[in-house]
Structures are given as C-alpha cells and as structure tokens.
Amino acid sequence: IPTKEFIEKLPKVELHLHLEGSLEPELMFALAKRNGVEIPFSSPDEVRAAYDFHNLQSFLDIYYQGANVLIQEQDFYDLTWAYLLRCQADNVLHVEVFFDPQTHTDRGIAFDTVIGGIHRALEQGRAELGITSQLILCFLRHLDEAAALETLEQALPHRDKIIGVGLDSSEVGHPPEKFQRVFARALELGFLTVAHAGEEGPASNIHGALELLGVTRIDHGVRCVDDADLVQKLIADRTPLTVCPLSNTRLKVFARMEDHNIVELLRQGLCVTINSDDPAYFGGYMNANFLAVAKAHPMSHVEIAQFTLNAVEASFISPAEKTRLV
Ligand code: HPA
Ligand code: ZN
C-alpha cells in the first residue's frame with residue numbers, strides 16, 4: 001500500500017482550482033485589515049468554524065463573501081502567490097487555475113486589476129518556482145448570459161493570458177444551454193472550453209456541456225454514473241473529469257470518502273484526475289486530497305500514479321511540454 005511519503009513525492013498536476021477558493025482565513029484577515037473591509041468574524045479560527053457546509057450553495061454564499069477583501073492588484077497577487085507556494089510544498093509542477101472575474105467586477109474592481117495581480121504571480125511562479133500554469137476565466141452561471149458576454153469582451157485585451165473559459169457557481173437551475181451563445185463566441189475566438197457539470201446537477205448537464213458548449217474537459221462530472229451510456233462514451237473518448245474529492249465530501253455530494261466513486265471510475269478506464277477545488281474552504285490542497293482518497297480506497301502505486309498521468313493527458317500543455325512532465 002502506497003505510503004504518505006510516496007504520495008507527497010509523487011509529481012502532481014492540478015486542473016481544477018478556483019483562485020478565490022485558495023484564500024486562507026489568515027490572508028482574508030490580513031487583507032480585510034489592509035483594505036479596511038469589515039468581515040463578520042473576529043479571528044481566523046472563527047472563520048474556519050463557519051465552514052460547515054451542507055450543499056454547494058451554502059459554500060458559495062461564504063465563498064463570495066470572503067472574496068470581498070480582494071480589492072487591489074497586490075491582493076490578487078498575494079492570493080495567487082500563496083497558492084503557488086502551497087503547490088511547491090505539494091510537488092505540484094503544473095496548474096490550470098480558474099478565476100471568477102464577475103465576483104470582482106460586480107463590486108467595482110476593474111478586470112485589469114484582477115488579472116494583473118494573478119498574472120504577475122503566475123509569471124513569478126514560472127521563473128522562481130518552475131511551476132508552469134494556464135489561466136481559465138469562469139463565467140458565473142447564476143448570472144445571465146448577457147453578463148457573461150460582457151465579461152468575455154473585457155477579457156479580449158488579455159487574450160494572450162487566458163487559455164480558456166469555464167462555467168461555475170450554482171449548477172442546479174442553470175444548465176449548460178443557458179450559455180450556448182457565449183461559449184460559441186469563445187470558441188470562435190480560439191478559447192478552449194470547460195464547464196462544471198454533474199457535481200450537484202444531473203448527468204444530462206455533462207451531455208449538454210459536451211454537445212452544446214464544446215468542452216474538452218468536465219469539471220467534477222461524478223454524477224455521470226447515473227447514465228451508463230454516458231459513462232461508456234466518456235471512456236471511449238477519454239474525456240477528462242477533474243474530480244475534487246474533499247470538495248465532494250465537504251459539500252455532501254458523497255456522504256463519506258468511502259462512498260466516493262473516483263477509484264471505481266479510474267478502474268473503469270475513465271480519465272479521472274484529483275484536484276483541490278477550493279482548498280482553503282474544504283480542508284486540503286493536493287496532497288491532502290490524494291491522501292484522503294488513498295486512505296478510504298486502498299490502491300496500488302500504479303493506480304495512484306495514474307491520476308497524475310491522467311492529469312498530464314488532460315492538461316492544456318503542448319505535447320512538447322508534456323514530455324517535460326512525464
Ligand atoms: N462548484 C461550482 N462553483 C464553484 C465551485 C464548485 O465546486 N467552487 C467555486 N465555485
Ligand atoms: Zn470547482
């Protein structure tokens with residue numbers, strides 16, 4: 001049985017990480033103070049105690065509230081840099097990270113401020129830590145498509161910094177078809193596309209994301225098991241699923257890690273990967289997610305390493321770059 005040391009030393013690639021979800025309570029407090037923003041907690045421990053979620057929405061409410069402390073370009077830099085240092089600690093070599101511009105532009109923060117700070121940290125991560133990265137812009141699906149189209153327009157001066165677009169926030173009630181036009185426009189502009197689907201929502205959202213939004217990866221996707229034909233198609237096409245084990249147990253998608261289907265999906269031949277989603281809120285970065293899965297589901301060394309091989313296969317890096325990683 002693979003040891004903790006084996007997991008810690010295993011090279012990793014993270015494909016499902018919301019930068020706003022890597023905001024640790026300590027940094028939240030420091031930024032609140034620096035920016036004079038009121039937060040309804042008196043200590044980082046009190047913040048942590050409030051992280052008791054019963055579904056996706058109960059998390060999202062607190063996650064958007066936490067993001068209110070992010071104001072200056074330096075704040076977005078500090079957030080991203082702290083995440084990259086955690087990647088270095090967990091032997092994560094390459095990351096493809098999400099950011100939610102609407103969470104900030106809707107509060108009057110300029111798009112340029114947000115992406116400026118994030119991009120500066122990612123460049124430094126490449127130069128000083130040797131961690132390569134890509135940036136994915138996520139549209140908030142609880143908002144309307146016109147707002148997503150406007151956000152896509154704001155991104156165009158930064159086209160060179162953004163590899164693709166995604167779709168996150170409340171899945172139930174906001175299916176992929178709501179965003180068909182903005183995704184078509186993004187594809188025309190040469191962006192790759194991904195979408196959260198089949199996290200809390202039905203397997204039909206995975207189908208919709210593939211057929212209507214042209215996605216090359218599905219974020220979460222664990223509810224694919226409700227549709228046997230869909231599972232066969234995902235296997236045949238090697239469609240990657242960016243699964244987030246600690247997120248899924250914290251948001252009650254699965255009651256216990258022992259009930260999680262990720263290892264079963266791996267053994268069926270799906271291109272499943274392990275990711276941390278919103279590590280500051282769900283209690284762990286990459287190593288913690290790998291360790292939690294391995295503890296609940298005994299696996300061979302080869303099976304655990306397959307999660308990394310799958311992530312390299314699923315990544316948006318060039319074939320030449322991939323040889324650097326494997
Ligand atoms: N699901 C949907 N939206 C999100 C998530 C998630 O896991 N994390 C941050 N925004
Ligand atoms: Zn997510």
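Trainee: What is Ile-118 in contact with, leaving aside its neighbours within four places in sequence?

Mentor: In this predicted model, Ile-118 is in contact with Leu-19, Phe-76, Thr-80, Phe-99 and Leu-135, once those neighbours within four places are left out.

Trainee: And which residues touch the most other members of the largest nonpolar core?

Mentor: Those are Phe-99 and Ile-118, in a core that has 90 residues; in general, nonpolar side chains of soluble globular proteins tend to be buried together.

Trainee: How do the axes of H5 and H7 cross?

Mentor: Helix H5, residues 73–89, and helix H7, residues 111–129, have axes that come within 7 Å and cross at roughly 35 degrees, and the crossing is right-handed. By class, the contact between H5 and H7 has 9 nonpolar, 8 polar and 3 charged residues.

Trainee: Which residues in H5 meet H7?

Mentor: Among them are Phe-76, Thr-80, Trp-81 and Leu-84 in H5, while the H7 residues they meet as a group include Val-114, Ile-118, Ala-121 and Leu-122.

Trainee: Switching topic, what surrounds ligand 1?

Mentor: Ligand 1 is surrounded by His-18, Gly-21, Leu-56, Asp-168, Ser-169, His-196, Glu-199, Ser-247, Asp-277 and Asp-278, and this shell divides into 1 nonpolar, 5 polar and 4 charged residues.

Trainee: Last one: why does Glu-303 count as partly exposed?

Mentor: Glu-303 counts as partly exposed because it has 15 C-beta neighbours inside 10 Å, whereas a buried residue would need 20 or more and an exposed one 12 or fewer. Glu-303 is placed in helix H16, residues 301–314, and its C-alpha atom is separated by 8.4 Å from that of Arg-267, 36 residues apart along the chain.

Technical notes:
Residues are numbered from 1 along each chain as its sequence is written. Chains are lettered from A and ligands numbered from 1 in the order in which they are written. This is a predicted model: local features need pLDDT of at least 70, side-chain atom pairs count only at pLDDT 80 or more; totals for chains, interfaces and linings use all residues. Axes are lines fitted to C-alpha atoms, for helices over the stretch in contact, and angles run from 0 to 180 degrees between N-to-C directions. Helices (H or I, at least four residues) and strands (E, at least two) are DSSP runs, numbered from the N terminus. A crossing is left-handed if the near helix is turned anticlockwise from the far one by less than a right angle, and right-handed if clockwise. Two residues are in contact if their C-beta atoms, placed from the backbone, lie within 7 Å. Ala, Val, Leu, Ile, Met, Phe, Trp, Tyr, Cys and Pro count as nonpolar, Asp, Glu, Lys and Arg as charged, and the others, Gly among them, as polar. A residue is near a molecule or strand if its C-beta atom, placed from the backbone, lies within 6 Å of it. A nonpolar core is a set of buried Ala, Val, Leu, Ile, Met, Phe, Trp, Tyr and Cys residues joined through C-beta atoms within 7 Å.
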